[in-house]
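This report looks at how one chain is built and at how its copies are arranged. Please keep the sequence and the structure in view while reading.

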Number of protein chains: 4
Amino acid sequence: MVIVLNTGYTKDQVSELVNHIESKGVKTSITEGNSKCIVGVVGDTTIIDDDEILSFRYVEKVLKVQEPFKKANRLFKAEDTVIDVLGSKIGGSNLGIIAGPCSVESEEQVVEIAKSVKESGANFLRGGAFKPRTSPYSFQGMEMEGLNLLKLAKQETGLPIVTELMSTDYIDKFVEDVDVIQIGARNMQNFDLLKQVGRTNKPILLKRGLSATIEEWLMSAEYIMAEGNESVILCERGIRTFETYTRNTLDLSAIPIVKRLSHLPVIVDPSHASGDWRLVEPMSKAAILSGCDGLIIEVHNNPQKALCDGQQSIKPNKFKFLMEKIRVLAEIEGKVI
Amino acid sequence: MVIVLNTGYTKDQVSELVNHIESKGVKTSITEGNSKCIVGVVGDTTIIDDDEILSFRYVEKVLKVQEPFKKANRLFKAEDTVIDVLGSKIGGSNLGIIAGPCSVESEEQVVEIAKSVKESGANFLRGGAFKPRTSPYSFQGMEMEGLNLLKLAKQETGLPIVTELMSTDYIDKFVEDVDVIQIGARNMQNFDLLKQVGRTNKPILLKRGLSATIEEWLMSAEYIMAEGNESVILCERGIRTFETYTRNTLDLSAIPIVKRLSHLPVIVDPSHASGDWRLVEPMSKAAILSGCDGLIIEVHNNPQKALCDGQQSIKPNKFKFLMEKIRVLAEIEGKVI
Amino acid sequence: MVIVLNTGYTKDQVSELVNHIESKGVKTSITEGNSKCIVGVVGDTTIIDDDEILSFRYVEKVLKVQEPFKKANRLFKAEDTVIDVLGSKIGGSNLGIIAGPCSVESEEQVVEIAKSVKESGANFLRGGAFKPRTSPYSFQGMEMEGLNLLKLAKQETGLPIVTELMSTDYIDKFVEDVDVIQIGARNMQNFDLLKQVGRTNKPILLKRGLSATIEEWLMSAEYIMAEGNESVILCERGIRTFETYTRNTLDLSAIPIVKRLSHLPVIVDPSHASGDWRLVEPMSKAAILSGCDGLIIEVHNNPQKALCDGQQSIKPNKFKFLMEKIRVLAEIEGKVI
Amino acid sequence: MVIVLNTGYTKDQVSELVNHIESKGVKTSITEGNSKCIVGVVGDTTIIDDDEILSFRYVEKVLKVQEPFKKANRLFKAEDTVIDVLGSKIGGSNLGIIAGPCSVESEEQVVEIAKSVKESGANFLRGGAFKPRTSPYSFQGMEMEGLNLLKLAKQETGLPIVTELMSTDYIDKFVEDVDVIQIGARNMQNFDLLKQVGRTNKPILLKRGLSATIEEWLMSAEYIMAEGNESVILCERGIRTFETYTRNTLDLSAIPIVKRLSHLPVIVDPSHASGDWRLVEPMSKAAILSGCDGLIIEVHNNPQKALCDGQQSIKPNKFKFLMEKIRVLAEIEGKVI
């Protein structure tokens with residue numbers, strides 16, 4: 001941490017600040033010159049809030065040196081975290097391929113799609129039972145019934161279930177029925193939800209918020225891990241920018257950065273990022289080469305009749321074709337599915 | 001709603017689409033020419049999802065004509081909504097001035113600040129008991145104890161309490177103790193929370209999300225209203241942009257736009273928007289002239305010792321001075337506090 | 001300037017870096033601890049490129065302490081710069097009100113509007129002769145003929161002319177005919193143009209780029225000033241964000257920040273920022289209260305027939321009415337027009 | 001084009017608008033209902049400015065149906081444009097690999113790097129002679145001398161030269177000496193420069209502006225093409241977002257979109273996008289799989305001594321290693337270098 005004082009600072013202010021900071025058990029050193037005073041702080045600075053230091057009226061700015069996350073930090077755990085769910089793995093040299101419909105609509109639909117994506121090589125089944133929708137008048141998901149249909153599809157295929165949890169009221173049910181609990185982009189900073197899933201023993205798929213920085217995203221992972229659950233899978237799904245041709249802007253540069261900063265696995269959602277089925281193939285392939293640990297792809301047997309997000313879903317035969325290409329690229333990258 | 005078909009569309013596709021849409025009880029009309037086909041749709045189009053139409057593979061784009069919100073829409077309720085909380089009003093020609101500390105820290109602190117801001121002219125007391133913090137290692141608020149201290153401050157001053165709810169677990173407690181329930185920016189699309197506060201009879205202060213469009217913000221208000229609670233106060237608190245000199249970019253243009261689109265009152269939070277106490281005065285004054293219905297301002301008797309956000313809090317005497325200016329401007333704008 | 005080294009740095013690297021930096025005549029100091037090394041640098045660090053330091057592979061990041069602009073910096077010139085153009089002033093306690101049509105269309109049009117805005121109290125005339133348009137197929141302005149019509153309008157009213165220069169080919173002509181040379185948002189980092197207008201003795205109105213940070217904007221002013229021309233008027237005209245209800249997001253928080261960082265005057269363009277005539281009044285008023293030094297407003301006698309930007313132009317009678325309100329607010333702010 | 005009228009529109013207004021629009025030789029059709037009126041417009045709507053229509057005060061909004069670019073539009077030229085420069089090709093099934101130093105610094109430097117990148121498989125040489133720098137106090141390039149050194153490097157290697165033009169003053173010189181003229185991101189909407197290079201017969205490498213939408217970018221290509229020069233190579237180099245870990249956010253989704261909308265080749269600049277040499281390899285590989293037509297990569301023999309952008313330059317041996325991987329991926333994508 002580096003603290004810069006306002007021009008016109010006094011010796012007394014420097015002393016006050018240094019005493020305040022050193023009382024927290026960290027070391028400081030002072031550089032003065034050209035009307036500027038810089039206070040360098042080393043030691044475990046994660047315990048010092050920027051806010052607290054900025055409250056001193058003679059502080060001009062606070063610059064961060066150390067990343068504020070600990071348990072998610074690769075500095076403190078060098079080897080990749082590998083999440084193993086009923087034998088399907090994500091992380092290290094393992095690519096996780098999660099596929100399925102945006103929302104569960106009927107037994108026939110979800111079972112048929114599950115069988116098909118499994119055959120093509122997916123190792124996880126996705127499907128929304130509770131759906132976060134911008135409008136209260138849109139289809140909100142089949143809810144508990146949807147959860148039951150996912151279980152049927154799992155029975156038929158053996159694929160572990162990935163599905164989104166939107167309310168703490170259903171945590172017990174999710175812990176019982178679901179294999180990976182998804183926290184959606186809109187809830188990435190729903191700290192109450194993060195803390196509560198942090199007290200479960202289920203792997204958590206944590207989507208990046210629409211305007212979350214990489215640091216904030218990792219801090220949300222830290223919320224889960226701080227409660228004891230260290231099985232977090234990060235998921236890049238596009239960020240909000242000024243560009244309107246795509247629903248969001250897929251930030252693939254975030255992948256190598258997250259891999260450097262953290263030991264947690266990070267996957268990519270090309271379907272939500274683009275909102276356009278025509279971009280799913282190129283963005284899936286690009287994602288693999290960016291170094292990600294997996295993909296989550298929307299597949300629907302009849303996109304035109306899909307109750308949500310049909311425009312970003314690909315058909316089962318297109319998915320099969322894509323998986324063939326992904327396998328070739330995975331091999332080049334030294335990964336296995 | 002306007003639907004544009006891909007170049008190369010067929011007559012059969014047009015028929016299929018038109019039949020599908022008209023089955024929902026709306027009217028369509030078709031314009032063709034220059035290899036383009038445009039389908040205009042009129043009637044109650046809020047029941048048609050864009051997503052659903054985009055799922056038809058021959059649809060190029062869907063353009064919205066009608067705003068997707070109803071209960072929040074000024075089209076269906078021309079007069080301003082005025083929220084009256086124990087005699088303190090927001091909306092119409094009434095400015096609501098909400099002031100108090102970022103977080104409740106002690107009885108002495110919150111009571112002293114409450115008395116002071118009341119004397120200066122504030123008509124609501126703010127104070128965080130549950131605090132949304134980026135880091136799990138930062139102070140998370142005094143929680144239930146904080147809520148009790150707010151009640152003490154209300155007893156002393158008569159000021160209605162505005163405080164943030166982060167978890168559905170505390171809704172009953174908030175309904176009992178709190179006068180205005182705040183939904184924070186990070187929870188603006190926590191739809192479970194929105195629905196649940198929509199079933200209470202308390203006024204809701206709904207902050208705009210960091211990257212929420214005006215439309216999404218109004219759709220979140222619609223979630224609350226659709227459950228029966230029509231007392232929603234909107235709050236602009238800055239949006240996320242590339243600029244880093246301010247914590248967020250205060251979007252004052254949103255104020256006249258919201259006033260045109262909706263009958264709901266909209267207030268401004270200059271403290272969180274800028275993250276800098278030096279900007280609170282100019283941005284408060286500018287906000288009044290942009291046509292807002294009130295302000296929410298952080299005031300702390302000892303910002304340097306504040307447990308959070310001290311750098312954006314102003315001192316009681318500065319608040320008093322600011323209120324004098326605000327009164328002059330309010331009069332010019334034809335508003336009363 | 002503060003330099004943070006990668007974890008795993010060596011003593012030799014620290015020495016190499018320190019020697020390199022001190023050879024430039026600045027002072028360094030080193031703080032080590034917890035596997036981090038921080039090098040504080042004080043003195044005239046504006047001569048050191050971040051890029052240069054970041055090229056050292058063992059450097060993790062470079063944090064800026066000092067603003068990189070000098071001539072534009074309030075630190076080196078405490079008093080406000082006042083620009084006086086034929087008696088019309090901008091800066092200090094003087095508000096400059098620049099009004100006129102988006103583009104010059106005919107003698108009748110520009111003279112009529114000029115007379116009208118003068119009567120209402122504007123002290124500068126704006127009008128585009130050369131127009132930057134997104135499409136090569138849109139009206140590009142009357143060019144030289146437009147410039148001549150502006151001169152006629154000036155003869156009739158005495159109002160100094162503000163108009164945009166897009167090509168270095170016309171600099172001599174502009175120096176001869178124009179009173180304030182405008183550099184548009186799209187050319188804010190057209191460094192060749194900046195340098196060339198920096199060698200003239202005309203005041204320059206420098207618009208902020210669509211995605212320019214405040215620092216980049218001031219650095220562009222610095223380009224002009226470094227060539228000898230210190231008469232720069234900054235103009236905030238909205239930045240690009242994800243919001244689509246307004247053409248741009250007017251960043252009024254930038255005003256108090258620029259006033260603190262720089263001695264240069266800064267004005268606001270509510271017309272281009274919003275792209276909507278209905279927002280011109282509230283945003284003009286809000287701008288005055290944010291502490292700006294003036295406004296530039298599009299006024300057209302027949303917006304429906306305007307050759308460009310009619311939707312953001314207000315009519316002369318609306319402008320007159322707005323000027324009455326602005327005069328009241330100016331007085332409150334201690335400003336004169 | 002679709003025009004939506006304000007609620008409360010009158011029959012006379014509809015007639016006025018329709019007459020105005022049809023006078024331009026396009027067809028309209030009207031849909032009314034539920035207090036809304038929608039006017040669909042088909043035909044060559046590129047000649048109608050949105051602005052012009054929005055100026056009618058009873059128009060609520062204008063929605064675009066047709067892309068506003070013509071010469072750059074794939075609709076009017078289905079086959080890929082292939083640019084051939086002295087036998088090195090970009091477009092169709094040809095990958096162009098442009099490599100070299102950020103700025104030309106000495107004969108030894110540029111010749112050595114040119115030889116090395118050629119040996120590794122690059123087919124174009126890049127190198128800055130005129131450098132756009134945020135600060136007037138930073139190194140601005142070797143200018144004319146730099147251009148001469150690039151010519152020497154071309155003599156030695158036969159690689160065509162790609163270098164940036166910042167001033168119209170040097171156009172003749174560039175036409176004589178340079179093989180591909182680069183227009184930088186900051187000049188993407190310097191319309192004077194675009195028009196002037198549009199009158200040359202040299203291929204133009206047009207970088208996307210920091211906050212340019214895909215449509216604006218293609219409209220800037222249209223400026224060049226409208227003057228007669230149809231040899232435009234587009235270059236995605238990252239857009240400005242809120243994320244600060246990378247200098248810009250590389251928008252790879254733009255690649256398949258540009259390929260769909262336009263016949264022009266589009267390449268990717270992973271060096272400027274990330275500003276970090278560690279991201280050059282993963283982003284180069286991801287770019288190839290996104291379907292781009294080439295890469296432009298900064299290579300420096302001694303990044304630590306580079307006069308600019310050393311931190312984003314890779315060393316020759318790293319480039320060699322990267323080219324081996326790129327060749328494998330190119331083959332998978334059915335491309336040749």
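Predicted model: local features only at pLDDT ≥ 70, side-chain atom pairs only at ≥ 80, totals over all residues.

## Chain A as a unit

The secondary structure of chain A consists of 11 helices and 14 strands, and along the principal axes its C-alpha atoms fill a box of roughly 75 × 45 × 40 Å. Of the contacts in chain A that have a sequence separation of 6 or more, 68% join residues 24 or more positions apart.

Chain A has 337 residues, and 69% of them are buried, a class that here requires under 20% relative accessible area with the protein chains as cover. The accessible surface of chain A comes to about 10500 Å², with 47% of that area belonging to carbon and sulfur atoms.

## Chains A and B

Two copies of a chain are related by a rotation about an axis and a shift along it. For this pair, chain B is superposed on chain A by a rotation of 180 degrees with 0.0 Å of shift along the axis, and the RMSD is 0.0 Å; that is the relation of a two-fold axis. Within chain B, the C-alpha nearest the axis belongs to B:Ser211, at 2.9 Å from it. Both copies use the same surface, since 100% of the contact residues of chain B recur in chain A.

The size of an interface is often given as the accessible area lost when the parts come together. Between them, chain B and chain A bury about 4700 Å², and carbon and sulfur atoms hold 42% of this buried area. On the side of chain B, the residues that lose the most area to chain A are B:Arg57, B:Tyr137 and B:Gln304, which together account for 17% of what that side buries. Counted by residue, the contact takes 53 from chain B and 53 from chain A.

## Chains A and D

For chains A and D, a rotation of 180 degrees, again with 0.0 Å of shift along its axis, superposes chain A on chain D with an RMSD of 0.0 Å. In chain A, the C-alpha nearest this axis is that of A:Ala286, which lies 2.0 Å from it.

Which surface do these copies use to meet? Because 100% of the interface residues of chain A are also interface residues in chain D, the copies meet through the same surface.

Methods: Residues numbered from 1 in each chain as written. Chains lettered and ligands numbered in written order. Heavy atoms only, no water. Least-squares fit on C-alpha atoms with pLDDT ≥ 70 in both. Contact = heavy atoms within 4.5 Å. Helix = DSSP H or I, 4+ residues; strand = E, 2+ residues; numbered from the N terminus. Buried < 20%, exposed > 50% of the residue type's maximum accessible area, 1.4 Å probe, protein only. Areas by Shrake-Rupley, 256 points an atom, 1.4 Å probe, with all protein chains shown as cover. Buried area = accessible area lost by both parts, 1.4 Å probe.
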